Amino acid sequence: MTITQNAVVRPSVLLPVIVVAVGVGCQKAPDVVPPPPPEVTVATPQQRDVTVFQEFVGSTEAFKSVNIRARVHGFLDSMHFEPSSFVRKGQLLFTIEQEPFEAQRDRAAAGLKSAEAGLARAESDLDRLEQAVRTNAVSQQEVTRARAERDQASAAVLQAEAELTNAEIQLEYTKVESPIDGLVSRNYVDLGNLVGSGEATLLTTVRQIDPIYAYFEVSERFVAQALEQRGGHKNPGETGYQRATLLLDETGLEIEGEIDSLENTVDSETGTIRLRGVFPNTDAKIFPGFFVRVRLPGELYEDALLVEETALGTDLGGRYLMIVGDGDIVERRYIEPGQLQDDNTRLILSGLEPGERYITKGLQRARPGMPVTPKTAGSGS
């Protein structure tokens, strides 16, 4: 059998290859450098006095409300206002037919003149008899009778004056005026209808809506805490609260006012007490019957701790902060949150100490028990 030259395996050729492979395999592996701890931005809690506010649902009512009714009977003759317009105190709203009452006034005036004439005659007769009795021309009995007639005539004058005054009042009632400034409703009775016959017919309503009231219920606990802070209900008109804010959700409107009324008993069935706030409404943006929220100041926290709202996380355990502690090690710290403030900071009631660092940015890179590289906002390192 013949073997070709290309098929012969030569040991002198394989040996360098094996030596090179062994040399490469024996080189030392390079050291692995761990990555630096992730950078996070930290802050310390703010400290300031904070008043906690509570909100309650209520409804608005007019500051004053008057039902305008017919006080005399007659046909409704004319109307002198535009429905749903603002009217002034003393402004003429309706006129009821005046002719029958003018006639009654004139009749009463004539009766007064007749009574006055009768009184003048009776006084003249009395004077004449008093002079005649001095000469015994008449008896004392006639003088006494003349004096009684004079007194009756005087009483008739008083009665006639009263009848005239009443007639003038009745005539005045035919002019129906607004007793207050306010917003008038529509006319509830059309012109030409008979009003005031057997009842005081409701013609319209006028409601003063500037200022405007808001009524709402608060818990007895809230009232008790507020009164405790103020040292009790000492002075007339003092309710334990002063400031109040009315909020209308539909428009975002906020109006500053004050509490002016506190009921003197707690409802035993609901455990609440009714309060009333008064609020300016110069632009008439609030109408009676609106559902509103009323915000009241509650408990004051001195040197309270506040953190950025965006730094707070939530899981099944509740609200928490990521704290950077000793050795820059991250800790998940559960806290008791309080009320969110207007500057988007959150009041912390417990679980955090002054000066502790909490993570505000880089939360996705922070893991409890792992180190981080903390930096403060704006430090650049």
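Predicted model: local features only at pLDDT ≥ 70, side-chain atom pairs only at ≥ 80, totals over all residues.
What share of the contacts in the protein chain with a separation of 6 or more comes from residues 24 or more positions apart? The value is 73%. Keep that in mind.

The chain first. There are 381 residues in the protein chain, and buried residues make up 34% of them. The secondary structure comes to 4 helices and 20 strands.

Now strand β19. It has two partners I want to show. One is β1, residues 39–43. β1 and β19 run antiparallel, and 3 bridges join them. The other is β15, residues 318–324. That pairing is antiparallel too, over 2 bridges.

Look at Y358 in β19. A43 stands opposite Y358. I323 stands opposite Y358 as well.

β19 covers 357–361, β20 covers 373–376, and R365 sits in the loop between them.

Is R365 buried, partly exposed or exposed? Its relative accessible area is 42%. Buried would need under 20%, and exposed would need over 50%. So R365 counts as partly exposed.

What does R365 touch, leaving aside its neighbours within four places in sequence? The answer is P38 and E39. Take E39. It lies 326 residues from R365 along the chain, yet their C-alpha atoms are separated by 8.0 Å. E39 also falls within β1, residues 39–43, the strand that is joined to β19 by 3 bridges.

That is the tour. Questions, please.

How values were computed
Residues numbered from 1 in each chain as written. Heavy atoms only, no water. Buried < 20%, exposed > 50% of the residue type's maximum accessible area, 1.4 Å probe, protein only. Contact = heavy atoms within 4.5 Å. Pairing = 2+ DSSP bridges.
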